[in-house]
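Hi,

Here's the structure I said I'd pass along. Have a look at it first, and then read my notes below.

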Amino acid sequence: MSENRVVDEMEHLEKLGDYLVVRGNKALNGEITVRGAKNFVSKCMVAALLGKTPSVLKNVPDIRDVQVVSDLLRLHGCKVDYAPKEGIIHIDATNISHGEVADVSTLAGSSRIPILFCGPLLHRLGEAFIPSLGGCDIGGRPIDFHFDALRKFGAVIAKEKNGIHITAPTGLKGTKIRLPYPSVGATEQVLLTAVCASGKTELSNAAVEPEILNEIDVLQKMGALITIDTDRVIHIEGVSDMKGFAHTALTDRIEVASWASAALSTYGDIFISGAKQSHMTTFLNVFRKVGGEFDIRDEGIRFYYPGGKLRSIPLETDVHPGFMTDWQQPFAVALTQVHGLSIVHETVYEQRFDFTKALCRMGASIQLYKECLGSRTCRFEERNFRHSAVIAGPTKLHGANILVPDLRGGFSHIVAAVTAVGESKVYGISLINRGYESFTEKLLALGADIG
Ligand code: EPU
């Protein structure tokens with residue numbers, strides 16, 4: 001976004017009151033709780049569409065994505081009952097029906113979840129309408145893998161003015177699919193379609209993120225037959241009927257890493273109740289390598305600055321079990337506080353460094369490069385995208401007026417504002433509510449000076 005448009009957008013958000021004033025240079029100390037993973041809960045809610053009996057999901061965070069998917073499910077005839085305090089959602093998809101096309105488009109808004117409705121709606125209703133997709137602006141975010149996979153199952157996809165209309169005139173049949181890249185969404189698309197397709201499906205080069213393995217657990221509870229093989233291969237035997245499930249969502253490891261990054265950037269100490277070691281091994285190693293420390297307990301993980309010089313590192317994002325791309329943005333703020341040159345090579349999204357512009361305005365020293373600066377080349381090598389960053393530190397950040405560019409970039413802006421000396425105004429914070437439960441309350445609980 002050009003500087004002029006940023007200023008216009010900030011003026012607009014000022015009028016709407018969509019901003020947070022942060023008086024920084026405060027160590028964040030205290031305890032917070034992180035509940036279920038946004039990127040699991042929303043998909044699990046879609047899986048409930050396949051069940052002919054009611055489902056119940058626990059540990060559901062009160063975030064906007066949950067509201068959006070709840071409304072989309074209601075539009076398709078599901079009964080959805082969410083108790084935010086208890087974090088329990090009941091979904092009854094016994095009598096689902098077609099949603100009004102215009103309503104589906106309006107409701108979906110900036111969410112990318114509707115694309116995952118394809119398989120379940122085809123199985124239950126014989127057709128699906130999927131609106132044009134939104135989501136964070138962090139790269140092209142195509143959905144070609146999804147369409148190629150659906151066609152292999154026998155789906156027919158017709159592009160219409162506001163989205164796509166999908167049918168399966170001869171039914172959905174199991175097939176062999178090899179993803180060009182281990183895409184999270186495309187893997188979920190195949191799983192949600194294959195479970196009830198006739199015959200066997202073999203999916204290779206699948207994503208195996210913990211959120212996906214958790215979804216496989218849910219589908220198995222619902223009656224699916226799924227085998228996880230070695231080397232990213234998943235086998236699915238189609239079944240004719242699925243029932244509802246009862247499940248507890250795994251903790252949001254992106255949110256945990258975001259708050260851990262805030263602890264390090266501000267030289268603070270945060271205990272995150274609900275954090276789980278097993279899903280965070282790679283993050284924990286990196287956190288320790290730069291000089292942060294952590295204590296792992298049954299109830300959660302304490303992340304803290306133990307004193308001494310923080311050390312620079314080379315870092316490369318990757319699919320699981322690599323360092324998550326979603327951890328990169330908040331962690332980059334912590335890297336502005338370490339001594340020396342850190343190199344960050346983003347290999348999952350081609351344009352995930354836009355947020356660094358604001359950090360530079362706040363005093364960070366970050367240079368972007370088109371070259372692959374990691375130990376290996378990635379898909380973006382020849383494609384002219386500035387997807388590597390060199391961060392020189394430590395730099396003293398100072399307060400500024402900044403605009404939230406996307407969900408994780410937005411959280412990184414909050415971390416930068418809390419770290420910076422002086423006052424910042426962070427515009428567009430409503431976007432952060434999409435994926436961070438009660439983040440202003442959590443900031444206050446940790447001693448941030450906000451208003
Ligand atoms: N890709 C394609 N074609 C496709 C699908 C993906 O080229 O059809 C490419 C993408 O452009 C990207 C790469 O494959 O370069 C990985 O994309 P993936 O499909 O794995 O991402 P996603 O399913 O759209 C989910 C999360 C993201 C997270 C990624 C990677 C949800 C709702 N979103 O997106 O989360 O970054 O997986 O782990 O689950 C976030 O939470 O802020 C967020 C962006």
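Predicted model: local features only at pLDDT ≥ 70, side-chain atom pairs only at ≥ 80, totals over all residues.

Residues are numbered from 1 along each chain as its sequence is written, and side-chain values use heavy atoms, with hydrogens and water left out.

**The ligand site**

The ligand takes up the space of the largest pocket. A pocket here is an open set of points on a 1 Å grid over the protein atoms alone, where a 1.4 Å probe fits, with protein on both sides within 12 Å along at least five of seven lines; a molecule sits in one if more than half of its atoms lie within 2 Å of its grid points.

Around the ligand there are 23 residues, the closest being Lys43, Asp144, Ser183, Val184 and Val348 (the cut-off is a heavy atom within 4 Å). By class, that shell has 9 nonpolar, 5 polar and 9 charged residues (Ala, Val, Leu, Ile, Met, Phe, Trp, Tyr, Cys and Pro count as nonpolar, Asp, Glu, Lys and Arg as charged, the others, Gly among them, as polar). Domain 1 (3–34 + 252–450) and domain 2 (38–248) each give at least three residues to the shell, with bounds from an automatic or database domain assignment.

Now the polar contacts (N or O pairs within 3.5 Å). Ligand oxygen atoms lie 2.8 Å from a polar side-chain atom of Arg408, 2.8 Å from a backbone N or O atom of Phe145 and 3.3 Å from a polar backbone atom of Pro142. The protein covers 91% of the 830 Å² of accessible area that the ligand has on its own (Shrake-Rupley, 1.4 Å probe).

Two cis peptide bonds to check out: His320 to Pro321, with omega about 10 degrees, and Gly393 to Pro394, with omega near 0 degrees. Pro321 is in the loop between strand 17 (314–316) and helix 11, and Pro394 in the one between strand 20 (388–393) and strand 21 (401–403). Helices (H or I, at least four residues) and strands (E, at least two) are DSSP runs, numbered from the N terminus.

Finally, Asn384 has a positive phi, near 65 degrees, despite not being glycine; Asn384 lies in the loop between strand 19 (365–369) and strand 20.

Cheers

Note on methods. Polar contact = N/O pair within 3.5 Å; in protein donor to acceptor, adjacent residues only side chain to side chain. 1 Å grid on protein atoms, 1.4 Å probe; cavity = no way out; pocket = protein on both sides within 12 Å on 5 of 7 lines; lining within 4 Å.
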